[in-house]
Amino acid sequence: MEEIEIPAGVKRIGDGCFAACEKLKHIVLPEGLEQIEARAFHFCESLEEIHIPCSVKEIGEAAFYNCKALTELNIPDSVTSIGAYAFRSCGGITELVFSDNVDKIGACAFYDCNGLKTVKLGKKIIELGDRMF
């Protein structure tokens, strides 16, 4: 499977739902989605781009861990929490801009993202996890 469109009405993507779908390149997430749980796209090594809808509030632990091909990442204003290891080893990401609504970023959330050049943190952040980068 290289592409998938999640239908409208889905509120959460469960733990490990698409984990290790190594050929998955593109995914369309619906508006109204509220939560991307732990390891949802863990080891989707071919995933190139993900547009996170403005309705998502939480990105779970290791949700996109080792998505090596991921180069574009938008974190919408609705997101308040990013779990530990959420984007670890996503070496293609070059820029991160966090809205003022993000108040917690877990340990190692962007660890081993060697392509990062620019990071802009929001004003309301209260918790930065260990070894975040």
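Guide: Two strands are said to pair when DSSP finds at least two bridges between them. Keep that in mind as we walk through this model, which is predicted.

Visitor: Why are S5 and S7 said to pair, and in which sense?

Guide: There are three bridges between S5 and S7, and at least two are needed, so the two strands count as a pair. Their sense is parallel. As one example of a bridge, Ile50 has Leu73 in S7 as its partner.

Visitor: What makes a strand of this sheet an edge strand, and which strands are they?

Guide: The sheet is open and has four strands in the order S1-S3-S5-S7, paired in parallel. Strand S1 (3-5) and S7 each pair on one side only, and that makes them the edge strands. On average, neighbouring strands of the sheet are turned by 10° against each other, direction ignored.

Visitor: Let us turn to the rings. How many aromatic pairs are there in the whole structure?

Guide: A search of the whole structure gives eight aromatic pairs. One of them joins Phe18 and Phe41, with 5.4 Å from centre to centre and 5° between the planes.

Visitor: Why is the pair of Phe18 and Phe41 called an aromatic pair, and of which kind is it?

Guide: The centres of Phe18 and Phe41 are 5.4 Å apart, and the limit is 6.5 Å, so the rings pair. Their planes make an angle of 5°; anything under 30 degrees counts as stacked, so this pair is stacked. Phe18 is in the loop between strand S2 (12-13) and strand S3 (26-28), whereas Phe41 is in the loop between strand S4 (35-36) and strand S5 (49-51), 23 residues apart.

Visitor: How do you know whether Phe18 and Phe41 are buried or exposed?

Guide: Phe18 has a relative accessible area of 8%, and Phe41 has 0%. Buried means under 20%, so both residues qualify as buried.

Visitor: And what kind of pair do Phe98 and Phe110 form?

Guide: Here the centres are 5.7 Å apart and the planes lie at 70° to each other. An angle over 60 degrees counts as edge-to-face, so that is the name for this pair. Phe98 sits in the loop between strand S9 (95-97) and S10, and Phe110 in the loop between S10 and S11, so the pair ties together parts twelve residues apart in sequence. Phe98 and Phe110 are both buried. Ring pairs also link Phe98 and Phe110 into a cluster with Phe18, Phe41, Phe64, Phe87 and Phe133.

Visitor: What makes the contact of Glu37 with Arg12 a salt bridge?

Guide: The closest N and O atoms of Glu37 and Arg12 are 3.1 Å apart. The limit is 4 Å, so the contact counts as a salt bridge. Glu37 lies in the loop between S4 and S5 and Arg12 in strand S2, 25 residues apart.

Visitor: Why is Arg12 called neither buried nor exposed?

Guide: The relative accessible area of Arg12 is 46%. Under 20% would be buried and over 50% exposed, so Arg12 is partly exposed.

Visitor: How many salt bridges are there in the whole structure?

Guide: There are two. Arg39 and Asp15 also meet in a salt bridge, at 2.9 Å from N to O. Arg39 is in the loop between S4 and S5, and Asp15 in the loop between S2 and S3, 24 residues apart. Both count as partly exposed, with 30% for Arg39 and 45% for Asp15.

Visitor: Which residue has a side chain that makes a polar contact with that of Asn66?

Guide: Glu45 does, at 3.1 Å. Beyond its neighbours within four places in sequence, Asn66 is in contact with Phe43, Cys44, Glu45, Arg88, Ser89 and Cys90.

Note on methods. Residues numbered from 1 in each chain as written. Predicted model: local features only at pLDDT ≥ 70, side-chain atom pairs only at ≥ 80, totals over all residues. Heavy atoms only, no water. Phe/Tyr/Trp six-rings, centres within 6.5 Å; stacked < 30°, edge-to-face > 60°. Helix = DSSP H or I, 4+ residues; strand = E, 2+ residues; numbered from the N terminus. Buried < 20%, exposed > 50% of the residue type's maximum accessible area, 1.4 Å probe, protein only. Axes fitted to C-alpha atoms, helices over the stretch in contact; angles between N-to-C directions. Salt bridge = Lys/Arg side-chain N within 4 Å of Asp/Glu carboxyl O. Polar contact = N/O pair within 3.5 Å; in protein donor to acceptor, adjacent residues only side chain to side chain. Contact = heavy atoms within 4.5 Å.
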